[in-house]
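Me: Hi! Could you walk me through this chain while I have it open?
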Amino acid sequence: MKFAAFDPVTLGLGAANIGLSAWAANKADRTRREVADAEMRAAGDQLKWQTALARETAKGGLASDIGNRVFSATIAPDLEAYRQKEAAMFAAGPLGERQLALDVERGRREVGLKGSAEAKQLRQEQRQAELKQTLAARDAQCAGIFGRRAPVDVSTLFV
């Protein structure tokens, strides 16, 4: 039996394997460090951009507030005055004419309703009821002094 402890091919392959393994481990370690550095740089960039975004958002809010105040103090009153002027002109012009026409028509309807036979009858009944109450109050006053008198038929009175 031949003892092959140090075969040159096996020895060469083993040494190459050890070298390649060390080189691959070194390369993998370097890659892990580069990835960790890249992650740290990305986190730093993200923090930087978030801070810049927050700062710009605050500036935008201040600018918007300033713009709103300037608008409220300068342009808005002018716009409101213009709107009110336009509304007054519209109310005096087309809307005023329409309102006048509606008022005239409403007046005509009211006169027509007041002149109807039913309305006249209702007014006459109301006046007769008022006259009865007035006569009853006066009769009560006179009855205390002069005594009772004959009842008055209010339907024969002109009301």
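**Chain layout**

Me: In what order do the elements run from the N terminus?

Reply: They run α-α-α, with helices being DSSP runs of H or I of at least four residues and strands runs of E of at least two, numbered from the N terminus. The chain has three helices and zero strands. This is a predicted model, where local features need pLDDT of at least 70 and side-chain atom pairs count only at pLDDT 80 or more, while totals for chains, interfaces and linings use all residues. Residues are numbered from 1 along each chain as its sequence is written, and side-chain values use heavy atoms, with hydrogens and water left out.

Me: Why is the chain said to be more spread out than a compact globule?

Reply: Its radius of gyration is 54 Å, well over the 15 Å that the globule rule gives for 159 residues, so the chain is more spread out than a compact globule. That radius is taken over C-alpha atoms, and the rule is 2.2 Å times the number of residues to the power 0.38. Along the principal axes, the C-alpha atoms fill a box of roughly 165 × 50 × 35 Å.

Me: And what share of the residues is buried?

Reply: Of the 159 residues, 3% count as buried, meaning under 20% relative accessible area with a 1.4 Å probe and protein chains only; exposed is over 50%, and partly exposed lies in between.

Me: OK, switching to helix 3. How far apart are its end C-alpha atoms?

Reply: They are 41 Å apart, which agrees with the 44 Å that its 30 residues (117-146) should span at 1.5 Å a residue. The expected span is 1.5 Å times one less than the number of residues.

Me: Which residue follows helix 3?

Reply: Gly147, and its phi is positive, near 95°. Ala150 is also found in the segment after helix 3.

Me: Is Ala150 buried or exposed?

Reply: Ala150 is exposed, at 57% relative accessible area. Its C-alpha atom is separated by 9.6 Å from that of Asp139, 11 residues apart along the chain.
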